[in-house]
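Biologist: I have a sequence and a model to go through. Can we take it question by question?

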Amino acid sequence: MGNYFQFIDVPRQDTEKEPARARVQKFTEIYGDFSTEHAAAQADRCVECGNPYCEWKCPVHNYIPNWLKLIAEGNLFEAAELSHKTNTLPEVCGRVCPQDRLCEGACTLNDGFGAVTIGSVEKYITDEAFKQGWRPDMTGVVPTGRRVAVIGAGPAGLGAADILVRNGVEAVVFDRYPEIGGLLTFGIPPFKLEKEVIAKRREIMEYMGVEFRLGVDVGTDVTYAELEREYDAVFLGMGTYTYMRGGFPGEDMPGVYEALPYLVSNINRLMGFEKSPEEFVDMADQRVVVLGGGDTAMDCNRTALRQGASSVTCAYRRDEQNMPGSRREVYNAREEGVDFRFNRQPVEIVGDGQVEGVKVVETRLGAPDERGRRRPETVPGSEEIIPADRVIMAFGFRPDPPEWFDEHGIGVDERERVRVKKGGRHPFQTDNPNVFAGGDMVRGSDLVVTAVYEGREAAKGILAYMGV
Ligand code: FAD
Ligand code: SF4
């Protein structure tokens, strides 16, 4: 490190963000890139505090101070190799992790100096290393002759495939979608994560030896029994795709949309995957109300604004402090023009054959629920109607275990999440010893980085199970 007091001399400075007025005209990423000098100066702000809380708070336990030091010293390729030791998708996590709640939230410099820009440096390392021709070092890999089928090319499946091929195991990844990435491609909008990033990652993983069989639905195009016969083990990373509903009148009225199909219709149009123009949901010139307060709700708000909605209002039943999503994304949404209505619980979607508004009641926060979050209680007599032409419901997702789970002894818990062993020699093994699982379908809808972690840990469990 150059100057120990760099954190005082050089303030925290993130990558440049495009002004709100310009960025809502398009779907490209809103943050720019670090130059080499800028990345080095920001990385050099790390004080190597000796207690890397950032590392512990990072779900994949990245060696953060070590790769910050390498970047401060100008060793890009070494930093890329080290960064890939713990994370399969560092360029993705650098873009979409809620760093304010994870690594950066735990940085020692948060005490008044401004955390090190860990996420932006992580993104810089992989983007720049790829640009300069770096590839993961696979020279020491010895083939084992073992084969594992991975169902799902989302972050969990990619995490598992990464560890398997690095240990000489053939990984064949099946996905029903025409591209890899799961929700990274068909969910998260391009203003947070451009699709070229995932295309590059596909190229890298294919270079590493991962085989993708896309447009293949397991259960329809190929049966699970066939996979079990052909492969030594199976990893499930199939995500959560049952939409939660509010359970109030008017949810089925024309003009009401589920969040994920809405976002996917927009992505399909942008990527040229649209099968017919009727699939596209257009919010141009509409008064849009988004119900929910998580990342999915923020993405709907900001997609609707980019489509030219005349207004976008986001109603959430708790207060701003208790929103589940990233604070940075709420800030960005507000900058772009979203009108937030906190402590508002929807009770009915009103209209005469077509949406005219959302009836909400005011809430105040009561006693904590079983997860420690304060439960909203409604204030009597506080109803009001928020006028709307279109309503998007973003209440989250539940797992949807297919029927073949039962036939093959793959058990689920009371919330339909796949039941796995958490510790022992074979972490993430399901009730069927040949089958491992991780990501959203095991923990419920969560984060990219936690899905990557579970995929990687499950793959280590598979290696131990196969005796590799
Ligand atoms: P998924 O990403 O859902 O991947 C599962 C894959 O399995 C899919 O590709 C699916 O097609 C495939 N599949 C399922 N069944 C079959 C079958 N039978 N045959 C073949 N293939 C099958 N997280 C963040 O960290 N930051 C964010 O900013 C963020 N924003 C989000 C925004 C939205 C709109 C959404 C919906 C989620 C967001 N998340 C975010 C959460 C994050 O995307 C997920 O937690 C993560 O993608 C879960 O990874 P996964 O691999 O478990 O599942
Ligand atoms: Fe931070 Fe996420 Fe990167 Fe971990 S993976 S260092 S939490 S941005």
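Biologist: How are α12 and α13 oriented to each other?
Modeller: Keep in mind that this is a predicted model. The axes of α12 and α13 lie 10 Å apart, and the packing angle is about 45°. Angles from 65 to 115 degrees would count as roughly perpendicular, and those under 35 as roughly parallel. The two helices, α12 and α13, are therefore oblique.

Biologist: Which hand does the crossing of α12 and α13 have?
Modeller: The angle between them is about 45°. The crossing of α12 and α13 is left-handed.

Biologist: Which residues are closest to ligand 1?
Modeller: The shell around ligand 1 holds 38 residues. The closest residues are Gly152, Gly154, Gly182, Gly239 and Gly439.

Biologist: Which element gives the largest share of the shell around ligand 2?
Modeller: Of the 15 residues around ligand 2, the nearest are Cys58, Cys93, Cys97, Leu102 and Cys103. Two elements give two or more residues to this shell: α7 (90–96) and α8 (118–131). The largest share is three residues, and it comes from α8.

Biologist: How many nonpolar residues are in the shell around ligand 2?
Modeller: Five residues of this shell are polar and one is charged. The nonpolar residues in the shell around ligand 2 number nine.

Biologist: How is α5 oriented to α8?
Modeller: Helix α5 spans residues 64–72, and its axis comes within 11 Å of that of α8. The axes cross at roughly 60°. That makes α5 and α8 oblique. As for hand, the crossing of α5 and α8 is left-handed.

Biologist: What share of the chain is strand over residues 23–133?
Modeller: An unreviewed UniProt entry annotates 23–133 as "domain: Dihydroprymidine dehydrogenase". Helix makes up 50% of the chain there. Strand makes up 0%.

Biologist: And over residues 147–455, how far apart are the end C-alpha atoms?
Modeller: UniProt lists 147–455 as "domain: FAD/NAD(P)-binding", again in an unreviewed entry. The chain there is 27% helix and 25% strand. Its end C-alpha atoms are apart by 16 Å.

Technical notes: Residues are numbered from 1 along each chain as its sequence is written. Chains are lettered from A and ligands numbered from 1 in the order in which they are written. This is a predicted model: local features need pLDDT of at least 70, side-chain atom pairs count only at pLDDT 80 or more; totals for chains, interfaces and linings use all residues. UniProt positions are given in the numbering used here, feature names are shortened, and annotations may be inferred rather than shown by experiment. Helices (H or I, at least four residues) and strands (E, at least two) are DSSP runs, numbered from the N terminus. A residue is near a molecule or strand if its C-beta atom, placed from the backbone, lies within 6 Å of it. Axes are lines fitted to C-alpha atoms, for helices over the stretch in contact, and angles run from 0 to 180 degrees between N-to-C directions. Angles under 35 degrees count as roughly parallel, over 145 as roughly antiparallel, 65 to 115 as roughly perpendicular and the rest as oblique. A crossing is left-handed if the near helix is turned anticlockwise from the far one by less than a right angle, and right-handed if clockwise. Ala, Val, Leu, Ile, Met, Phe, Trp, Tyr, Cys and Pro count as nonpolar, Asp, Glu, Lys and Arg as charged, and the others, Gly among them, as polar.
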